[in-house]
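Me: I should like to learn how to read helices, ring pairs and nonpolar cores in a model. May we begin with a helix?

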Amino acid sequence: MTLVNQRSGKCAFCTFRSLIWLNPSFLRPNGRSFHQSSPVARLARKGRKKYPENLYELGYGPPRDTQGRARTEFRKFEANIIAEAQGLKKKFLIGTKVRSSIKDEDLAGWGLSSREELAAKLREFEKEAAAAGRRATELGEIDRSSNPLFCKFKDAYIARDAKGLADEIKHSFTNFTLSGKFSKEELANHQRLADFRYPIEWFPATRAMQRTFHLHVGPTNSGKTYHALQKLEAANSGIYAGPLRLLAHEVYTRLNAKGKPCSLITGEERRIPDCGKDLMKSCTVEMVPLNTKVDIAVIDEIQMIGDEERGWAWTQAVLGVQAKEVHLCGEVRTTDLIKKLCAMMGDKLVIHNYDRLGKLQVMNNCLSTKNNERDGPSEKGGGPVSKLEKGDAIILFSRMKIHAMKNKIEAQHKGKRCAIVYGSLPPETRALQAALFNDPDNDYDFLVASNAIGMGLNLSIKRVILESIKRFDGTDLITLPLSEIKQIAGRAGRYKTARDAIEAGPIDVTDGIPAKPTEPPVGLVTTFYKEDHKILSNAMSKEAAQMTSAGIFPPADVIERFAERFPKSTPFSYIILRLHEIGSISSQFHLCKLKEHVDIADIIQDFSLSIRNRLVFLAAPVSVRDSGGVEVLRAFARCVANNTGGHVLDISELDIEVLDEDPDTFTSQQQREIYVRKVEGLHKKITLYLWLSYRFTGVFHSQALAFHIKRLVEEKIDICLAKAEWQEKARMSAMRRNIKLLKALDPSMASEDEILGDAVSNDTPSQEDVSEDVENSSKSETLLEGAFEDVESSSGAKENRGSI
């Protein structure tokens with residue numbers, strides 16, 4: 001393979017960063033491009049100053065030839081590899097501020113007997129990694145057959161940038177030390193355990209049943225979920241499985257109100273009817289009780305079966321739920337895949353197609369005259385924000401941008417309020433904000449939200465307006481997938497009046513069916529800027545491609561048996577990575593990604609935990625990126641390892657003292673936003689405590705108090721969001737009092753209006769303050785857990801993980 005991709009005009013380094021590391025004769029369509037300019041833009045133009053051909057040889061600038069540029073970039077990447085390998089050596093031998101060096105008793109986990117042997121192996125690995133980089137730089141060996149180690153580094157860097165490279169180097173070193181420690185027979189046993197080609201065989205009791213599947217497909221606001229729930233309400237026993245706790249809670253309330261005793265089963269909450277009979281169960285999809293036989297099961301948002309992180313939960317429910325009739329609700333693009341799965345299982349399939357109840361159309365124009373946000377000076381008259389109307393929902397993909405947009409809207413539209421919805425808010429707070437927006441008789445005319453509104457919330461939106469068609473996915477700035485664009489856009493023009501929405505409540509499980517017949521409204525969708533409007537128009541005119549594979553995850557008992565074949569102190573992160581690496585699957589399935597599981601495994605590696613307990617923690621709704629998330633996780637792991645100290649008031653890392661702060665005393669919007677972020681973090685920590693309290697009841701025994709703290713946290717967040725405008729007025733009144741006192745002391749100071757004007761401008765977040773802060777959605781549960789409970793699910797993927 002050459003170092004230059006002739007068709008793209010890019011050097012090989014840029015080519016591999018855009019996932020086009022293939023032979024020159026074949027280019028991947030839709031490959032991501034990390035170049036900031038097109039090949040044409042890099043050609044010489046008239047009037048451009050020319051430099052001597054030998055300028056690079058004199059030590060100035062990059063080489064002019066593409067081969068030379070490629071080697072220059074490869075040398076940089078080679079230096080990164082060596083630096084990470086040296087950093088690993090320091091971490092293992094000396095330790096860091098966060099983690100101590102490897103202990104002598106843990107050396108067996110790497111197949112080593114002494115620290116001297118560890119140091120020798122680290123030096124050997126460093127040489128091996130450097131050699132792989134040199135072969136890529138000097139010989140152009142960049143494919144998997146000729147340079148497999150470099151390919152692993154390259155793939156990790158593409159997927160997760162520098163963090164991915166560091167993790168892969170650690171994984172490769174563990175593999176380097178253990179690779180010669182297993183016999184051929186042991187390696188063959190590893191491979192047999194990693195055979196995931198036939199997941200339908202994981203549920204023998206279900207395979208003994210003859211089930212009928214009803215696939216309800218159609219766009220958003222077509223009534224497909226309504227018809228499935230009608231079947232559930234008419235049944236003697238049944239299960240509802242949804243992607244969000246909000247939806248599960250709404251179905252639970254609805255069934256109980258209609259005289260059908262129903263239990264609620266989510267990762268952090270269990271509610272059983274007082275009568276003790278719970279023939280109906282409403283669950284998040286990860287918590288579906290696979291051991292319970294029922295008449296009807298409804299599995300909502302079935303298109304999530306193809307999700308790269310949570311898809312395994314939908315696959316598990318489809319393959320394993322013991323129901324005579326299974327109703328699947330979702331998008332048309334799932335049809336071919338469900339047909340294949342039903343054929344594999346030998347189950348009957350009936351397909352019901354639905355059309356949208358109201359029209360949805362893209363507006364002819366965007367709200368701004370600019371091509372993009374960076375194009376030219378600010379617009380006169382307030383720009384696109386001044387053109388907003390009552391019932392508009394503005395979609396952004398950063399929590400800081402959401403708060404900044406809320407402030408900007410309320411500043412330009414005096415006397416009007418703006419509701420906000422994003423994934424980090426507690427589900428109860430999101431429902432309250434939705435109810436405020438839906439009420440036509442208050443002053444909440446606008447909604448600023450993330451893609452968290454894509455499912456679950458019942459919103460009377462007239463126009464959906466995308467501030468940008470791109471979002472940061474944690475590594476790269478990506479254009480929204482076609483299916484996500486349609487999901488968000490479909491929230492406009494719901495088939496109900498605003499009053500219908502209030503009567504129905506803030507949670508949408510009926511998929512748009514109105515309380516009473518109304519004229520179908522027209523939903524409108526547009527963007528702020530012209531560039532995004534072109535992409536939106538193009539996306540809305542196309543149909544999403546049919547899905548080809550369903551997500552699966554290794555069962556907990558398989559991971560446990562696989563881990564038992566390694567030395568006891570082997571890093572658990574290596575074990576799960578190794579299982580994924582050698583796993584074999586069929587074309588109808590794909591292995592869901594290990595995202596935070598590897599980080600969680602490393603964080604709790606130091607504690608004396610059984611394999612089962614480690615798997616439970618890997619299933620927990622943890623966000624290690626959040627402030628204090630790592631410390632709280634380690635505190636909880638310590639409690640389980642010591643089998644004591646789990647009272648909620650004894651865990652100092654929870655930082656419950658934040659509830660003692662009074663948000664009314666804050667004098668700036670920035671202080672309020674920081675406080676809201678702290679309280680949101682506390683809500684996640686308490687949610688994690690409640691989740692663990694159902695798995696380690698003897699350790700985390702103050703569940704009732706934790707529920708009380710959770711309610712207090714939600715009240716604090718609601719107060720902060722509701723009092724934002726009042727606090728701003730209070731702040732300005734306090735400033736006026738201070739100015740009067742100061743003027744009495746110094747008559748020469750500036751006028752009151754000038755000082756107040758400066759204060760307002762300084763309190764408004766600038767564009768530089770708005771970071772690409774991608775939010776995790778509110779989490780319910782993750783995976784791997786169900787083998788340990790009567791509720792047979794791999795419990796726990798983060799709730800709506802792809803949302804903000």
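This is a predicted model: local features need pLDDT of at least 70, side-chain atom pairs count only at pLDDT 80 or more; totals for chains, interfaces and linings use all residues.

Me: Why do residues three or four places apart point the same way in an α-helix?

Reply: An α-helix has 3.6 residues a turn, so positions with that spacing face the same way.

Me: What span should helix 22 have, and how far apart are its end C-alpha atoms?

Reply: One counts 1.5 Å a residue, so the 20 residues of helix 22 should span 28 Å; the end C-alpha atoms are 29 Å apart, which agrees.

Me: How many aromatic pairs are there?

Reply: The count is 15 aromatic pairs. Phenylalanine 636 belongs to helix 20 and phenylalanine 700 to the loop between helix 21 and helix 22, so the pair ties together parts that are 64 residues apart in sequence. Both of these phenylalanines are buried.

Me: Which residues have the most contacts inside the largest nonpolar core?

Reply: They are Phe617, Phe636 and Phe700, in a core of 172 residues. Helix 21 supplies the largest share of this core, 10 residues. Ring pairs also link Phe617, Phe636 and Phe700 with Tyr689 and Phe696 into a cluster.

Me: Where does the charged end of lysine 121 sit?

Reply: The charged end of lysine 121 sits over the ring of phenylalanine 176, 5.3 Å from its centre. Arginine 695 lies over the face of tryptophan 691, at 3.8 Å from the ring centre.

Notes. Residues are numbered from 1 along each chain as its sequence is written. Side-chain values use heavy atoms; hydrogens and water are left out. Rings of Phe, Tyr and Trp (its six-membered ring) pair if their centres lie within 6.5 Å; planes under 30 degrees apart count as stacked, over 60 as edge-to-face and the rest as tilted. Helices (H or I, at least four residues) and strands (E, at least two) are DSSP runs, numbered from the N terminus. Buried means under 20% relative accessible area, exposed over 50%, partly exposed in between (1.4 Å probe, protein chains only). A charge sits over a ring if NZ of Lys or CZ of Arg is within 6 Å of the ring centre and within 35 degrees of the ring normal. The expected span of a helix is 1.5 Å times one less than its number of residues. A nonpolar core is a set of buried Ala, Val, Leu, Ile, Met, Phe, Trp, Tyr and Cys residues joined through side-chain atoms within 4.5 Å.
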